Amino acid sequence: MKVGIDKMHFASSHLYVDMTELARARGAEPDKYLIGIGQAQMAAIPPSQDIVTLAANAAYPMLTAEDIQAIDLLVVATESGIDNSKASAIYVAHLLGLNRRTRTIEMKEACYAGTAGVQLAQEHVRVHPDKKALVIGADIARYGLNTPGEPTQGGGAVAMLISADPQILALGTESTLLSEDVMDFWRPLYHTEALVDGKFSSNIYIDYFQDVFKGYLESTGTSASDLTALVFHLPYTKMGLKALRSALPLVSETQQESWVAHFECARKLNRYVGNLYTGSLYLSLLSQLLTDPKLEAGDRLGLFSYGSGAEGEFYTGVLQADYANGLDTGLPQCLARRQRVSVTEYEQLFKSQLAWKADDQELDYASDPHRFVLTGQHDEQRQYLDKWA
Ligand code: COA
C-alpha cells in the first residue's frame, strides 16, 4: 500500500522586507545577503499572526469536508510555541473544525519536528488506511535585530495531508536518523529570540547531512544516482547549496549538473520567504514541485531534515502521476502580491508582537487579509478570530 503526502499548502505573512534594503541598513554588501546567504526577501510577520493562525491559514484552503471527516490525527510541529502546556494543535483543530475524536498534539525539536510528524502520520495511516493525518510545520524564525542571524529570519506554515494512495509523494518506509546532544541553537523559555552559534550550526548541519545521507544509501542499498533530486531543510538557501555540493562527488558530471538545476527550483520560493524552521524543508519541496519543469512521475526525491540540538533524518519519496493536483498552485502569485515594508516598519512589527505578560492586550488586525487572525489576549487567553464565521 502506498502512503504519503496527498496535499500541501502554504501560508505566511502578506508583508516582506527586501534583503537589499536590509543589507544597506545594516552596513552590509547586498550581495552578502543575496548571494552569500542566498535570500532575496524575508517574510515580516505582523503581530496578528502567530503559529496557530499561520497553521490554520495554511491548512484550510486544501481541506474538503471529506478530508475533515477522515482526519483523526493532527500534529503541529513548531519551535515557536505559544504555551508551555497546551498544544497549539488544539487551537488549530478548533479553528479548522476538525472532528473531536482527533488526536491533537504539538511536537518540538527545533526545525526537525515536522519530519517526526510526517513519519508518525505515515505509520498511523499504514495501520488505519481509511484515515488521514494532518501535519503542519508552523514557525516564526526570530534571531533578533542587528544580529548575524537577522537575514536568516522569516516565518510561515506548511500544511500536509498524509493519506493512503497519495496524489503527491509516496513515502518510503526506510529512513536514517542521527540524534546527539549538540549546543548549536537553542531557546530557553525566557527568550523570544534564538541563541545560536551560527558557524558551528552550519558545520553541524553539513556533518549531519553527510552522515544520514551516506547511512541511508548504505543501509537501503540505494545508489546516489537513483535519486532525481535532493531537497533540503533551508534555514537560508546557501546552506542547502553547501550540503548539495558536498554530495556531488558521488554522481557523474551529467547528474551533478542535473542535481544543481533541480536545486535551483527547490530553493526558488524559500529565497522569498526566509527561514520557517519546521516548515522549511517542506516549503522547499513545494518549491521543487511547483517550479521544476523537469520532474516526472516515478522520480525518487531525497529529503534531508535537520533540527539543531541536534537531529537529522534522510528519507525518500516517489513522485506520483497526479502530483500537480495536490499542490498550492497559486503560491508563486501569492508571494508576488505581498506588500513590501521598509526596514523601519519591519523593526516596528518585530517589536510589537503580543507581549509575554499577563495584561489584557488588543492587536490591530484591520489590515491583515488572512482568514484567521490573533486579535489579542484577554484574561491570559489568546483571542483568535475566524473572519468568515
Ligand atoms: N558577496 C557575496 N558573498 C559574500 C559577500 C559579498 N559581498 N560578503 C560575504 N559573503 C559570503 C561569505 O563568504 C559567506 O559565504 P560562505 O558561507 O560560503 O563562506 C556568506 O556570505 C556569509 O557570510 P559570513 O561572514 O559567514 O556571515 P555571518 O558571519 O554574518 O553569518 C550565518 C552567517 C549563516 C552564520 C548567520 O546568518 C547565522 O548565524 N544564521 C543563523 C544560523 C543558521 O541558520 N544555521 C544554519 C543551520 S540550522
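Predicted model: local features only at pLDDT ≥ 70, side-chain atom pairs only at ≥ 80, totals over all residues.
Student: Which elements give two or more residues to the shell around the ligand?

Tutor: The ligand sits in the second largest pocket. Its shell draws two or more residues from each of three helices: α2 (30–37), α7 (198–220) and α8 (237–247).

Student: How many charged residues does the shell around the ligand have?

Tutor: In total, 20 residues surround the ligand, and the closest include Lys32, Lys238 and Lys242. By class, the shell has seven nonpolar and seven polar residues, and the charged residues number six.

Student: Which residue has a side-chain N or O atom 2.5 Å from an oxygen atom of the ligand?

Tutor: Two other contacts may be set aside. An oxygen atom of the ligand is 2.8 Å from a polar backbone atom of Pro148, and a nitrogen atom of the ligand is 2.8 Å from an N or O atom in the side chain of Ser201. The 2.5 Å distance, from a ligand oxygen to a side-chain N or O atom, belongs to Lys242.

Student: What percentage of the ligand's accessible area does the protein cover?

Tutor: On its own, the ligand has 980 Å² of accessible area.

Student: Is the peptide bond from Gly309 to Ala310 cis or trans?

Tutor: Ala310 lies in the loop between β12 (300–307) and β13 (311–319). Omega for the bond from Gly309 to Ala310 is near 5°, and the bond is cis.

Student: What is the value of phi of Asn146?

Tutor: Asn146 lies in the loop between β6 (132–141) and β7 (154–164). Its phi is positive, in a residue other than glycine, and is near 65°.

Conventions: Residues numbered from 1 in each chain as written. Heavy atoms only, no water. Near = heavy atom within 4 Å. Polar contact = N/O pair within 3.5 Å; in protein donor to acceptor, adjacent residues only side chain to side chain. Areas by Shrake-Rupley, 256 points an atom, 1.4 Å probe, with all protein chains shown as cover. 1 Å grid on protein atoms, 1.4 Å probe; cavity = no way out; pocket = protein on both sides within 12 Å on 5 of 7 lines; lining within 4 Å. Sits in = over half its atoms within 2 Å of the grid points. Helix = DSSP H or I, 4+ residues; strand = E, 2+ residues; numbered from the N terminus. Nonpolar A, V, L, I, M, F, W, Y, C, P; charged D, E, K, R; others polar.
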